[in-house]
Amino acid sequence: MFQITRSAPVYDVVIIGSGAGGGTVTKVLADLGISVALLEAGPMLHPEKDFKMLKWPYEYPHRGALDGGASYFGHGRAFGFFSAHAGGWQLEGEPYTVAEGSKFNWFRSRIVGGRTNHYGRISLRYADYDLKPYSRDGIGTDWPISYEDISPYYDKAESFIGVTGSKEGIRSAPDGVFQKCPPPRVHEVLIKKAADKLGIPCIPNRLAVITQPTNGRPACHYCGECGRGCIPASNYSSSQVQVFPAMKTGKVTLITDAMARELITNDEGKVTAVSYIDKTTRTEKQIKCRTVVLAASCCESTRLLLNSKGKGHENGLANSSGTVGKYLTDNTGFGLGARIPALEGMPRHNSDGMGGAHLYMPWWLWDKKTDFPRGYHVELGGGHNMPGIGSFAGVCAQHEGYGDSLKKAIYEDFGTHVSFAGRGEMIPNKDTYCEIDPNVVDKYGIPVLKFHFKWTDAEYKQVEHMEKTFTDIIETMGGTVVKRNRPVEDKISVGGDIIHEVGAIRMGNDPQAAPLNKYCQSNDVKNLFVADAAPFVTNPDKNPTLTIVALAWRTAEYLADEMRKGNV
Amino acid sequence: MVGPVGLEAAQHVHEAAAAAATTAGGVYKPKGLTQHEFDTLKTLCEIIVPGASKGGAAEFIDLLSSQNPDMSAIYTGGLAWLDEAMKRQYHMDFLTAAAQQKTEMLDRIAYRKNRTPELAPGITFFNWARRMTVDAYYTSAAGIKDVGYMGNRAIKEFKVPQEAIDYAIKRSPFA
């Protein structure tokens with residue numbers, strides 16, 4: 001007897017992760033005719049079935065409170081029942097640990113498209129000075145690339161995914177290729193008037209939502225619930241906008257439920273295969289590759305490198321610098337809301353619009369002296385949002401009572417609240433990093449990450465500044481802020497909460513100090529690239545997704561070029 | 001691709017069907033509560049939010065109670081407390097008491113300031129009932145209409161009515 005064994009295919013590129021980075025690399029390479037295999041740790045996405053777009057709460061007997069009213073007992077689902085994400089702060093059987101004295105929360109989505117299916121769609125370019133922070137204020141490290149290097153890729157990213165905005169000529173918020181942003185809602189008009197008075201720019205928002213037909217995708221239908229997922233793909237998700245169209249080229253092999261475990265290397269130190277767990281059978285499989293692109297998310301990519309140990313790389317692959325896992329940051333977060341009397345009893349109208357604010361405030365003190373380094377931008381909330389579980393809990397608590405007077409209070413309260421959220425730059429520090437926890441494995445036997453996290457005065461002072469700014473804006477609009485005396489440690493978000501983790505596998509000019517070169521290619525392992533937020537050198541006050549797409553695009557083109565030249 | 005126009009047509013059918021489902025007739029059989037508890041709750045919900053029956057408030061609470069012992073305990077315990085308190089005061093349970101007696105009792109337990117060791121369980125219970133009745137009503141088709149929410153639909157262009165802007169500005173410090 002003999003067994004016929006077909007030799008397993010060797011893919012030109014294996015991409016690990018199908019979020020913003022992996023989706024972009026898949027699209028760019030497939031368009032260039034390169035065959036790729038895309039590994040995703042979660043299942044396939046079926047937008048028409050999975051997304052709760054245009055659903056009403058009364059279509060579900062629990063109305064969104066989940067079975068048994070779990071949300072009333074603090075066991076709700078992150079972002080609510082209707083959100084499109086598949087995952088959460090904790091995944092069954094896939095723990096992470098947090099060092100004593102640290103607090104850190106890690107949001108993971110296991111699904112084709114990852115966190116792009118539900119994310120906030122805010123799409124802000126980094127400014128020229130964001131990439132050269134050390135040259136500017138002497139803190140931290142400069143990026144190995146400049147704005148001129150990344151700007152053409154921002155153009156490509158914005159043109160392809162579609163981003164709203166307006167030309168403003170503000171240095172902290174570089175202009176891009178924009179589609180028209182819908183007009184501001186009533187509360188946003190008031191906020192802008194307050195901002196004008198205080199000298200804070202308040203400009204049309206930059207959201208990855210299309211307001212004109214783009215590449216076969218119809219314009220936004222303005223239901224205001226992007227977080228539920230958009231069946232016609234009028235907002236950006238890597239699944240619908242990149243992965244599914246790329247699959248039509250015939251160049252993409254998508255492998256779902258594939259949890260990458262380890263990168264396999266040969267004697268020359270090159271990656272030859274990716275070992276993954278097929279979750280449907282809980283068996284280990286290997287897929288062969290000529291090159292590999294890590295896009296599993298900043299922390300998952302880090303985990304994969306640190307778990308890929310072997311002769312000559314006992315501390316993990318691509319880690320001769322010893323810095324993999326270090327320089328991890330999140331954005332700072334602080335929120336404040338208030339009731340605005342001017343909005344009470346407003347004539348009712350549909351204020352849904354795009355799923356997010358129609359205005360935002362870019363950082364405005366970039367050329368002024370502040371008592372903290374770097375800056376933050378401000379995101380706005382408010383409007384007559386679709387009622388859901390808990391929408392009127394505040395009025396109930398304040399008004400108490402019952403009957404017609406309670407109903408009247410609810411009617412008058414509806415749509416009168418505005419909120420402000422600051423997102424700022426955290427300075428990398430030596431006490432914030434992730435490493436492999438030697439004592440814990442997940443249900444697939446893969447060692448898990450342990451997080452260490454610490455804010456410093458730089459972030460605390462920034463958050464105090466946010467509180468003062470938001471209070472000023474609210475008071476200028478005629479609202480009242482309830483003063484609460486609490487320590488700054490309680491005001492600032494918990495590390496990871498903003499879901500803007502970046503920086504644990506840095507790019508740089510010095511191989512001694514950074515694992516990746518300026519094309520996000522490993523210095524140690526030439527056929528290994530990283531295309532998520534892990535290569536980011538700093539975490540400016542701009543949400544990372546647009547920069548992930550731009551950098552991944554650049555990396556994919558470089559990789560294709562190097563393949564053509566026979567260098568990888 | 002599904003364009004806004006297709007979505008608009010589709011959503012009317014879908015809204016009508018959903019509204020019909022929530023207001024379907026027939027006698028409701030409680031899933032978690034006894035018939036007496038359910039009837040008492042239904043009366044209470046209707047007093048808390050007039051129109052709550054149209055929003056299916058009691059059915060919502062009953063369903064969640066049937067799925068969760070912690071939720072069930074809040075309502076079976078709270079409703080029993082209410083009946084006991086009514087009997088002590090008026091020698092009748094809540095359902096059979098006169099409208100004025102009902103409101104007298106509720107005026108005591110609907111406010112935190114009345115908290116005494118004697119009333120505390122009732123106040124805690126009423127807080128739950130109020131919160132969940134409000135949630136049920138304002139997530140129903142009737143409540144959504146009542147509060148004036150006009151979105152969750154596909155439209156071609158997003159506009160903000162000038163009268164709404166003028167209304168707010170006139171009442172603001174920017175007038």
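Colleague: How many residues of domain 1 of chain A are in contact with domain 2 of chain A?

Modeller: In this predicted model, 15 residues of domain 1 of chain A are in contact with 25 residues of domain 2 of chain A; contact requires C-beta atoms, placed from the backbone, within 7 Å. By class, the domain 1 side has five nonpolar, five polar and five charged residues. Here Ala, Val, Leu, Ile, Met, Phe, Trp, Tyr, Cys and Pro count as nonpolar, Asp, Glu, Lys and Arg as charged, and the others, Gly among them, as polar.

Colleague: What separates the centres of the two domains?

Modeller: The centres of domain 1 and domain 2 of chain A, taken over C-alpha atoms, are separated by 32 Å. The domain bounds come from an automatic or database domain assignment.

Colleague: Before we go on, which numbering and confidence conventions apply?

Modeller: Residues are numbered from 1 along each chain as its sequence is written, while chains are lettered from A and ligands numbered from 1 in the order in which they are written. As the model is predicted, local features need pLDDT of at least 70 and side-chain atom pairs count only at pLDDT 80 or more, whereas totals for chains, interfaces and linings use all residues.

Colleague: How many residues of chain B are in contact with chain A?

Modeller: 55 residues of chain B are in contact with 63 residues of chain A. The chain B side has 35 nonpolar, twelve polar and eight charged residues.

Colleague: Turning to strands, what is the order in the open sheet of chain A?

Modeller: The order is β4-β16-β15, with mixed pairing. Strands are DSSP runs of E, at least two residues, and helices runs of H or I, at least four, numbered from the N terminus; two strands pair if DSSP finds at least two bridges between them.

Colleague: Why is one side of β4 and of β15 left without a neighbour?

Modeller: β4 (97-98) and β15 (433-441) of chain A are at the edges and each has a single partner strand, so one side of each has no neighbour in the sheet. β4(A) pairs with β16(A) in the parallel sense over two bridges, and A:Thr97 has A:Lys450 as its bridge partner.

Colleague: And β8(A), how many of its residues are buried?

Modeller: Six of the eight residues in β8(A) (258-265) are buried, that is, 20 or more other C-beta atoms, placed from the backbone, lie within 10 Å of their own. Seven bridges join β8(A) to the antiparallel β9(A), and A:Met259 stands opposite A:Ile277.

Note on methods. Two residues are in contact if their C-beta atoms, placed from the backbone, lie within 7 Å. A residue is buried if 20 or more other C-beta atoms lie within 10 Å of its own, exposed if 12 or fewer, and partly exposed in between; C-beta atoms are placed from the backbone.
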